Amino acid sequence: LTMRSFRDSLNKRLESENFRKEYENIQPEMNIIRAIIAARKEQNITQADLAIRTGINQADISKLENGNKNPSLKMLKRLAEGLNMNLKIEFVPKTASI
């Protein structure tokens, strides 16, 4: 599956209102996952390295990155600390769907 065919498939599925709503609902979780993975890769560290830095089990970090585990605020704080980053959570106004 190429990135283009994935995007085409996703765009086709987003035409369904039910699918689009579910997709929009998971975006906060996906944003967190993408941010953790990006920060970890930017620092060139493995999940095992992050586990050592945070005291969080590597399997739990894997589950989180795969979308199979939702992190608590406490876990996010530990991950941010382990990545030598500040955790910023904010509420922003919703934008109108197009």
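**Helix packing and pockets**

Modeller: In this predicted model, the axes of α4 and α6 come within 9 Å and cross at roughly 105°.

Biologist: What does that make α4 and α6 relative to each other, roughly perpendicular or roughly parallel?

Modeller: Roughly perpendicular, because angles of 65 to 115 degrees are counted that way.

Biologist: Which residues in α4 and α6 meet?

Modeller: On the α4 side, Leu50, Arg53 and Thr54. They meet Arg78, Leu79 and Gly82 in α6. By class, that contact has 2 nonpolar, 2 polar and 2 charged residues.

Biologist: And α2 with α3, at what angle do the axes cross?

Modeller: Roughly 45°, with the axes of α2 (residues 17–25) and α3 coming within 5 Å. That angle makes α2 oblique to α3. Tyr23, Glu24 and Asn25 of α2 make the contact with Gln27, Pro28 and Glu29 of α3. The residues there divide into 2 nonpolar, 2 polar and 2 charged.

Biologist: OK, pockets. How much space lies in the largest pocket?

Modeller: About 970 Å³. Its lining has 24 residues, and Gln27, Pro28, Asn31, Ile32 and Glu90 are the ones nearest the centre.

Biologist: How does the lining of the largest pocket divide into nonpolar, polar and charged?

Modeller: Into 15 nonpolar, 5 polar and 4 charged residues.

Biologist: What about the second largest pocket, how much space is in there?

Modeller: About 170 Å³. From α3 comes the largest share of its lining, 4 residues.

Biologist: Which residues line the second largest pocket?

Modeller: Glu29, Met30, Ile32, Ile33, Leu64, Asn66, Gly67, Lys69, Asn70, Pro71 and Leu76. By class, that gives 6 nonpolar, 3 polar and 2 charged. Ile32 is in this list and is also among the residues nearest the centre of the largest pocket.

Biologist: Last thing, confidence. Where in the chain is it lowest, and where highest?

Modeller: Lowest in helix α1 (residues 3–13), at a mean pLDDT of 87, and highest in helix α4 (residues 47–54), at 98. For the chain, the mean is 92, and 96% of the residues reach 70 or more.

How values were computed. Residues are numbered from 1 along each chain as its sequence is written. This is a predicted model: local features need pLDDT of at least 70, side-chain atom pairs count only at pLDDT 80 or more; totals for chains, interfaces and linings use all residues. Side-chain values use heavy atoms; hydrogens and water are left out. On a 1 Å grid over the protein atoms alone, a cavity is a set of points where a 1.4 Å probe fits but cannot get out, and a pocket is an open set with protein on both sides within 12 Å along at least five of seven lines; lining residues have an atom within 4 Å of a point. Grid points are joined across faces, edges and corners, and a volume is the space filled by probe spheres set on the points. Ala, Val, Leu, Ile, Met, Phe, Trp, Tyr, Cys and Pro count as nonpolar, Asp, Glu, Lys and Arg as charged, and the others, Gly among them, as polar. Helices (H or I, at least four residues) and strands (E, at least two) are DSSP runs, numbered from the N terminus. Axes are lines fitted to C-alpha atoms, for helices over the stretch in contact, and angles run from 0 to 180 degrees between N-to-C directions. Angles under 35 degrees count as roughly parallel, over 145 as roughly antiparallel, 65 to 115 as roughly perpendicular and the rest as oblique. Contact means heavy atoms within 4.5 Å. pLDDT is the predictor's confidence in each residue, from 0 to 100.
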